[in-house]
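This briefing covers the strands, the core and the chain contact of one structure. Please read it beside the sequence and the coordinates.

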Amino acid sequence: MKPAEAVAGALDETPGALFVSSLGTATSALRLASDDGPHLYLGGAMGCGLAVSLGVAEARRDREVVAVVGDGDLLMGAGSLWSLSGLRPGNLIVLVLDDGRYSITGGQELIASDALASVLSGLPAVSLERATSRPEVAKAIRAIPRPGVVLARIDEPTWPGPSPFVDPTRVRNRFASYASGEGSGPA
Amino acid sequence: MSSDHAPVAAPTRVPVLDWQADIATAIRGADVGAVAYVPDARLRGIVEALAGAEPEVRTLTREEECVAYACGHLLAGSRAMVLMQCSGLGNCLNAVGSLCVPYGIGVPIILSMRGTLGERNPSQVPMGRATPALLSALEIQAFPVTDPERAGATAAGALELAFSTGTCAAVVLDASLGGGREAS
């Protein structure tokens, strides 16, 4: 499945949710799948996608929050998996774009990429589902207890859509407005 | 199995120093919703003074994670801040430089100094010595506290600055305030 198809599967099932994307492929795919919706696209801070999402989820317990993170980003900030397990936000889903490679820097392999599912399956209070197609992502998002991680197997080695080099001020202002309920949601 | 891995019994509580209580009061007065924290001896009294009421204190795994967590909170409309030891500043430079600064997110950081007056651990010295330069390189204003009487007002001012202007601000707690590892 392509990254944007995985993200579209999540968007299908979570209307009105606050989305956060890690740098690179995740940001590009979310921009494409949401028609550049008012989401929190990270242009840097690799390894911080899940941590930012935890902050959003705890600040807005009344909203569903979806973290779209690359597997490389998640590995770089793997300590946040412990925080996910400890904080147990009941409104957070983590969609991992899983291809075992660092797409933004040229497709280099992650070390021990097959360890990710094992680690996730061992985290107390965190649910895990796998998906290999857009309908499977949608089904997993619909059913998984929160907090939950959906491992979405992707196979597109390039940025799938618009540039991930976002304008931070524009992203901040649109997201803050959307999160506060003042801005318009994605189409 | 799980009981085998539960934390050992909690250590004895430490007395909260007046300046630590004053900083906690400043944090509460600024309507902070969450404090992200990586443990440090000098900060411990602040956390103990915050116990039992808002804001929530979150002990996370790394300083970079604390900064990112606070950024998520702030962008979603809730005030958050970070407490860390200066040795952790190096762990979070990229989060500050590629998230807080470009996105204009004002995260207040209370930094407990190691590696300066009275330090006995050689491994703490280089990062302590580098702290002012690291903050300066990212254009983060640093507000040192050496006089315990000024701790509360300095923290309150830094919180206001960060939240109102969208720029990070650091309150730098000098070793002379006590409560840290140097004395024990």
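In chain B, strand β3 (residues 80-85) and β4(B) run parallel and are joined by 4 bridges. Helices (H or I, at least four residues) and strands (E, at least two) are DSSP runs numbered from the N terminus, and two strands pair if DSSP finds at least two bridges between them. This is a predicted model, in which local features need pLDDT of at least 70 and side-chain atom pairs count only at pLDDT 80 or more, while totals for chains, interfaces and linings use all residues. Residues are numbered from 1 along each chain as its sequence is written, and chains are lettered from A and ligands numbered from 1 in the order in which they are written.

**Strand β4 of chain B**
- Opposite I109(B) of β4(B) stands V82(B).
- Between β3(B) and β4(B) the chain passes through helix α4 (residues 93-103) of chain B, and this β-α-β crossover is right-handed (with the strands pointing away from the viewer, the path from the first strand over the helix to the second runs clockwise).
- β4(B) also pairs with strand β6 (residues 169-173) of chain B, in the parallel sense and over 5 bridges.
- I110(B) has V171(B) in β6(B) as its bridge partner.

**Chain B as a whole**
- Chain B has 6 helices and 6 strands.
- Its elements run α-β-α-β-α-β-α-β-α-β-α-β from the N terminus on.
- The radius of gyration of chain B is 16 Å, close to the 16 Å of the globule rule for 184 residues, so chain B is as compact as a globular protein of that length (the radius is taken over C-alpha atoms, and the rule is 2.2 Å times the number of residues to the power 0.38).
- The C-alpha trace of chain B spans about 40 × 40 × 35 Å along its principal axes.
- Of the 184 residues in chain B, 49% are buried.

**Nonpolar core**
- The largest nonpolar core has 122 residues, and L95(A) and V107(B) touch the most other members (such a core is a set of buried Ala, Val, Leu, Ile, Met, Phe, Trp, Tyr and Cys residues joined through C-beta atoms within 7 Å).
- Helix α3 (residues 63-75) of chain B gives the largest share of this core, 8 residues.
- Leaving aside neighbours within four places in sequence, V107(B) is in contact with residues including V67(B), A70(B), L74(B), V82(B) and C168(B) (contact: C-beta atoms, placed from the backbone, lie within 7 Å).

**Sheet of chain A**
- Chain A has an open sheet of 6 strands in the order β2-β1-β3-β4-β8-β7, with parallel pairing.
- β2 (40-41) and β7 (127-131) of chain A are the edge strands, each pairing on one side only.
- Strand β8 (residues 148-153) of chain A pairs with β7(A) in the parallel sense over 5 bridges.
- V149(A) in β8(A) has L128(A) opposite.

**Contact between the chains**
- Chain A brings 28 residues to the contact and chain B brings 25 residues.
- On the side of chain A that touches chain B, α3(A) gives the most, with 8 residues.

Conventions: Two residues are in contact if their C-beta atoms, placed from the backbone, lie within 7 Å. A residue is buried if 20 or more other C-beta atoms lie within 10 Å of its own, exposed if 12 or fewer, and partly exposed in between; C-beta atoms are placed from the backbone.
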